[in-house]
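Here is a short briefing for a reader new to this structure. Take a look at the sequence and the model first.

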Amino acid sequence: QVQLAESGGGSAQSGGSLRLSCAGAGSGFNTNCLYWFRQAPGKERERIAMRTNRGFAEYAASVRGRFAVSVDYPTQTLYLQMNNLRSDDTAMYYCGADASEYCSGSPNYWGQGTQVTVSS
């Protein structure tokens, strides 16, 4: 069982930066595969980042080179650093976790989401 809660969303200008946090609770957080997803109005949910407990990270082409995930295991916090923001980054952002260390690509646990709005 993993419980997740996102924070840090808000408004930013194009070219700016924002950092999202995902506070985790549960014994599985330090071992399970972790994710960031986003969903913009009228679009399907998009997986933008995946991170294993061994530090391997994979990013969607839409954010690669601009976004970076990191994890602080002692505080059970997952971060998403977003740089060089663009207007098409505007979306609801969600963190997620698998039920095990194996990365299925589809999380078993989700946070409630935090809104990011980027203006030109």
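Predicted model: local features only at pLDDT ≥ 70, side-chain atom pairs only at ≥ 80, totals over all residues.

Strand S11 spans residues 114-119. Strand S2 pairs with S11 in parallel, while strand S9 pairs with S11 in antiparallel fashion.

- The covered face of S11 holds Thr 114, Val 116 and Val 118.
- Gln 115, Thr 117 and Ser 119 make up the uncovered face.

**Partners of S11**
- Strand S2 covers residues 10-13 and is joined to S11 by four bridges.
- Ser 11 stands opposite Thr 117 of S11.
- Strand S9 covers residues 91-97 and is joined to S11 by three bridges.
- Tyr 93 stands opposite Thr 114 of S11.

- Asp 88 sits in the loop between strand S8 (77-82) and S9.
- Asp 88 and Gly 113 lie 25 residues apart in sequence. Their C-alpha atoms are 17 Å apart in space.

- Arg 66 belongs to the loop between strand S6 (57-59) and strand S7 (67-72).
- Arg 66 has a relative accessible area of 8%, so Arg 66 is buried; the cut-off is under 20%.
- Leaving out residues up to four places away in sequence, Arg 66 touches Gln 81, Met 82, Asn 83, Asn 84, Leu 85, Arg 86 and Asp 89.

Key: Residues numbered from 1 in each chain as written. Heavy atoms only, no water. Buried < 20%, exposed > 50% of the residue type's maximum accessible area, 1.4 Å probe, protein only. Helix = DSSP H or I, 4+ residues; strand = E, 2+ residues; numbered from the N terminus. Pairing = 2+ DSSP bridges. Contact = heavy atoms within 4.5 Å.
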